[in-house]
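I opened my notebook to record what I looked up in this structure. My entries follow in the order I made them.

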Amino acid sequence: MKKITTIAICLITAFSFAQNKPSAAWTTTPPSSIMLGESLELEATWDAGTNATIHDVNKVQFNLQLFDANSPKKNKYEWLMGLQDKESSGKKSGKSTKTLLIKKDLKPSSELAEGQHYVIRVTFRTSENKWFSLTEKIKIVAAPSWSLNFEGKVPKLEGKKATAKVVKNPSKSGINSSNKVMKVTVPKGTFEWEVPYMLGTKIKFNDKNGKYLKFKFLTTSNSNITIKLVPWIDGWSKEFAYAEGPTTATFSNLELNTWYEAEVFMGNIENKKGKFPTPGVCNRLDFNINNTTKKQKQEEIIYFDDFELRQTSTL
């Protein structure tokens, strides 16, 4: 009789261990950063656990919250905004999809106090009064002070031996579904002073407007690319030397015909008169592609799109 009792206890214990706890998982992981005023597409699967369903009041919800490590409160997460999935009520498991618009009046992450950061959370309560949350850290950035795509009016595109022109997007996929982009072609034998450029950009590189220039690019000719953007400050005539700052981005082993993002820092710009502690207006931007010598070693074809000037780095 003792043997039977022991077996029964083991079976009950094994059953209790096999029970599922509340859980959730991102179908697509939220981005690491998002801009004020942009929409965040969120999707996650969830399960209330064994013998439980989603609570009829505290349903599945996507939240934007502020975490404060220095808060005296027991709950260090402050709710800022969120959307409930009303259809989740009373269900054991399922999938929720919502679009969360990030309010423009929120502080960018760069302005938060030390110990604070934003998070995206999936939260719910079960019919057994158990709470669950899935948390992902996210950076919120301010809107760019200057931006440029090639769908509408664009600065004048010039070049001597090399060319720059607006064309159809050769690969509407991945991170860039734009219809139009800029194509830069630099033939073999091109000198540094013959590279293509944009004229009339009117970019202001300073602490207020930003010094980080972000852009998308695609190469069809070389998987190893060095992109040097050369800004001409406060005019473009012979009286003003162009900037020689470290405004380069280098990549290797890229997939051809694939869009990537890059970023260059425009804060250490110099000219023949010395450094600009607060750089002025850039009216011309040159595009130097893999030109490490005086002449281009081979033809390079590269596409650009979605330029943005930001106060802080986003990559």
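This is a predicted model: local features need pLDDT of at least 70, side-chain atom pairs count only at pLDDT 80 or more; totals for chains, interfaces and linings use all residues.

Entry: How much space lies in the largest pocket? I looked it up and found about 500 Å³.

Next I asked which residues lie nearest the centre of the largest pocket. They are Ser 33, Met 35, Glu 38, Lys 214 and Glu 261, out of 21 residues in the lining. S21 gives the most, with 4 residues. I also sorted the lining by class. It has 8 nonpolar, 5 polar and 8 charged residues.

**Entry: the whole chain.** I stepped back to the protein chain. It holds 1 helix and 21 strands. Of its 315 residues, 43% are buried. I looked up its accessible surface and found about 17,400 Å². Carbon and sulfur atoms account for 52% of that surface. Then I turned to contacts between residues at least 6 apart in sequence. Of these, 75% join residues at least 24 apart.

**Entry: Asn 290.** Where is Asn 290 found? I placed it in the loop between strand S20 (281-289) and strand S21 (300-310). Is Asn 290 buried or exposed? It counts as buried because its relative accessible area is 18%, and the cut-off for buried is under 20%.

I followed its side chain next. The side chain of Asn 290 reaches the backbone oxygen of Asn 224 at 2.9 Å. A polar contact of 3.2 Å also joins the side chains of Asn 290 and Glu 300. I then listed the contacts of Asn 290, leaving aside neighbours within four places in sequence. The list reads Asn 222, Asn 224, Ile 225, Thr 226, Gln 296 and Glu 300.

**Entry: Asp 105.** Asp 105 sits in the loop between strand S6 (93-101) and strand S7 (116-125). Why does Asp 105 count as exposed? Its relative accessible area is 66%, so it passes the cut-off of over 50%.

I also checked Asp 105 against Gly 37. The two are 68 residues apart in sequence. In space they are 8.7 Å apart, C-alpha to C-alpha.

**Last note.** Asn 290 is buried, whereas Asp 105 is exposed.

Terms used. Residues are numbered from 1 along each chain as its sequence is written. Side-chain values use heavy atoms; hydrogens and water are left out. Helices (H or I, at least four residues) and strands (E, at least two) are DSSP runs, numbered from the N terminus. Buried means under 20% relative accessible area, exposed over 50%, partly exposed in between (1.4 Å probe, protein chains only). A polar contact is a pair of N or O atoms within 3.5 Å; within protein, one must be able to donate a hydrogen and the other to accept it, and residues adjacent in sequence count only if both atoms are side-chain atoms. Contact means heavy atoms within 4.5 Å. Accessible areas come from the Shrake-Rupley method with a 1.4 Å probe; for residues, only the protein chains shown count as cover. On a 1 Å grid over the protein atoms alone, a cavity is a set of points where a 1.4 Å probe fits but cannot get out, and a pocket is an open set with protein on both sides within 12 Å along at least five of seven lines; lining residues have an atom within 4 Å of a point. Grid points are joined across faces, edges and corners, and a volume is the space filled by probe spheres set on the points. Ala, Val, Leu, Ile, Met, Phe, Trp, Tyr, Cys and Pro count as nonpolar, Asp, Glu, Lys and Arg as charged, and the others, Gly among them, as polar.
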